[in-house]
Amino acid sequence: MERFRQLSPSEFFYRNREIAGFSNPARAVYQTIRELVENALDAAETHGLLPEVRLNVELEADGKVRIRVEDEGVGISPLEMPNAFGRVLYGSKYVLRQSRGVFGLGVKMAVLYAQLTTGQPVKVRSSVRRASFVYEAEIAIDVERNLPIVKRLEVERNESRWHGTVVELVIRGDWSQARGRVEEYIKRTAMIAPYANIFAYGPQLLLEFNRSSTKLPPTPAVGKPHPRGVDVELLRKLIEEANKNSTLEEFLTENFDGVGPITARKFCEWAGFDANKKVRSLTIDEIETLAVKMQAFEGWRRPKPSTLSPLGEELLAKGVKEVLKPDFVTAVSRPPSSYAGHPFIVEVAVAYGGGIPLSEEPLLYRFANRIPLLYDEGVDVSMKVVKRIDWSVYKVKFPSQLAVVTHVCSTKVPFKGVGKEAVADVPELESEIEAGIRECSRRLRSYLSRMEKLMEARKWEITVSKYVDEVASSLSYVSGEDKELLRSKLLEFIKAKISERGVPYAKGR
Ligand code: ADP
Ligand code: MG
């Protein structure tokens, strides 16, 4: 006889941890750090606080790695703490608003991994804003039931009015293999968050990024779903929750993004529905048709980008400058766009020269909702676009020092997996990324032409100047004029010739 049973979400992810990025001991260290740092940043910037993040890594006996991340974010209440850290698919980010976390999974994967490799629970210490107490707990996961087990809970007076969270985990992992990636991850995080203080300490790891700006990007608002993005399930749920007397028109305007009475009636007419019909009286077949029609209707307004929190051109350029130290950087924040009812904004920066390493191809730095993406570059949509660009059009000749930075913000980034490492090639996204890169590259081209002209002028200047003494002597000899006077006249002439070419004389880098 076959025996059937239900698998809990914890058990599912426990068995399939590689899909969440926990595929080997090095990757596990990197992924754990990432999940904790992402949560720390979310806890501050999503709520309008300037992030203060401190990572500590310590090596212990038998290949154990102790990882601690401290933040001064909004903190988490003791009521939510056990579930937030000990129950898979539990979180506060299941709303339509841009954040780094989306699945309610990350930290639990790290807790599960710790449990699996060292048997140690996660230690969490937290206080919310203006709270009189600090709570500290040790939490493990009951894998079969997907429930938290609180092993210890302590309360202290919060004398200093501290708010924030400290999370500590001990996993078995390969620090020497992970170190490089972690360093790269922290650097890139600093690049995309120039308003954050980020410190990272560990064996062969010392990074201190002090904020170069105190300007936070706009705090994203919580939004409603866009009518284009509905499906039968969502519609059914919303209709169930709707007021008994709600008409279809009221239902549409109340529950969806950017739908006013006029649009709602237009849609109903187009779709062949009676706008005054009680929404709760719709049959399941009608709901199905409604969903299909809502997805197909062309007359909806674009999704509102208020749920998004793009970095902005100034901050992005600043972050890139701070970390890569290039000679030239330019950034573009594209206008809001959408795919399948999900709003998104693409931001691109292109940097050149200076501290950027010489390479045979453009160096790509990818970000999604301010998460640096380090793995799976080959299958990412940004790579696809970068590859197809003919860089000689923009006067870049390889080997060169070129860096391309792409940042996709969306309430639903089309990630290729729950490990969040690559963005899928959704056509709308792809064309925005391309437009952004091309706009930046055009600016790079004019910078490079200016530099080219400058170089040419310099060369000409050097060549011509070689003859100044000789010519001044000869002229002085045949004309009897003062040699020094002739020399300075000749130099003046050279200067004039150079500025005629539109190049600032002996200026620029
Ligand atoms: P996600 O980040 O996708 O929501 P996680 O499992 O990483 O899922 O975290 C679960 C929840 O725990 C978060 O939604 C958040 O509410 C809370 N949380 C985790 N870390 C912190 C932190 N450092 N500060 C405040 N809240 C946190
Ligand atoms: Mg998270």
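## Val329 and its surroundings

Val329 touches Ala317, Val320, Lys321, Val350 and Ala351, leaving out residues up to four places away in sequence; contact here means heavy atoms within 4.5 Å. Val329 belongs to strand β9, residues 328–333. Helices (H or I, at least four residues) and strands (E, at least two) are DSSP runs numbered from the N terminus. Between Val329 and Glu159 there are 170 residues in sequence and 46 Å in space, C-alpha to C-alpha.

## Basis of the model

The structure is a predicted model, in which local features need pLDDT of at least 70 and side-chain atom pairs count only at pLDDT 80 or more, while totals for chains, interfaces and linings use all residues. Residues are numbered from 1 along each chain as its sequence is written, chains are lettered from A and ligands numbered from 1 in the order in which they are written, and side-chain values use heavy atoms, with hydrogens and water left out.

## Domains

The domain assignment gives domain 1 (9–209), domain 2 (227–296), domain 3 (307–446) and domain 4 (447–500); such bounds come from an automatic or database assignment. The centres of domain 1 and domain 2, taken over C-alpha atoms, are 41 Å apart.

## Nonpolar cores

A nonpolar core is a set of buried Ala, Val, Leu, Ile, Met, Phe, Trp, Tyr and Cys residues joined through side-chain atoms within 4.5 Å. Buried means under 20% relative accessible area, exposed over 50%, and partly exposed in between (1.4 Å probe, protein chains only). In the largest core, which has 74 residues, those that touch the most other members are Ile33, Leu55, Phe85, Val182 and Ile186. Helix α2 (residues 25–45) supplies the largest share of this core, nine residues. Domain 1 and domain 3 each contribute at least three residues to this core.

Beyond four places in sequence, the contacts of Leu55 include Ile33, Val182 and Ile186, as well as Phe199 and Tyr201.

## Cavities

On a 1 Å grid over the protein atoms alone, a cavity is a set of points where a 1.4 Å probe fits but cannot get out, and lining residues have an atom within 4 Å of a point. Grid points are joined across faces, edges and corners, and a volume is the space filled by probe spheres set on the points. Four cavities of 30 Å³ or more are counted by this rule. The largest cavity has a volume of about 90 Å³. It is lined by 13 residues, of which Glu45, Thr46, Gln98, Ser309 and Arg370 are the closest to its centre. The largest cavity lies between domain 1 and domain 3, because both give residues to its lining.

For the lining classes, Ala, Val, Leu, Ile, Met, Phe, Trp, Tyr, Cys and Pro count as nonpolar, Asp, Glu, Lys and Arg as charged, and the others, Gly among them, as polar. The lining of the largest cavity has three nonpolar, six polar and four charged residues. The second largest cavity, of about 60 Å³, is lined by six nonpolar, two polar and two charged residues.

## Individual loop residues

Asn369 lies in the loop between β12 (363–368) and β13 (371–373). Its phi is near 45°, a positive value in a residue other than glycine, and Asn369 is buried at 4% relative accessible area. Asp376, in the loop between β13 and α11, also has a positive phi, near 55°, but is partly exposed at 44%.

How values were computed: 1 Å grid on protein atoms, 1.4 Å probe; cavity = no way out; pocket = protein on both sides within 12 Å on 5 of 7 lines; lining within 4 Å.
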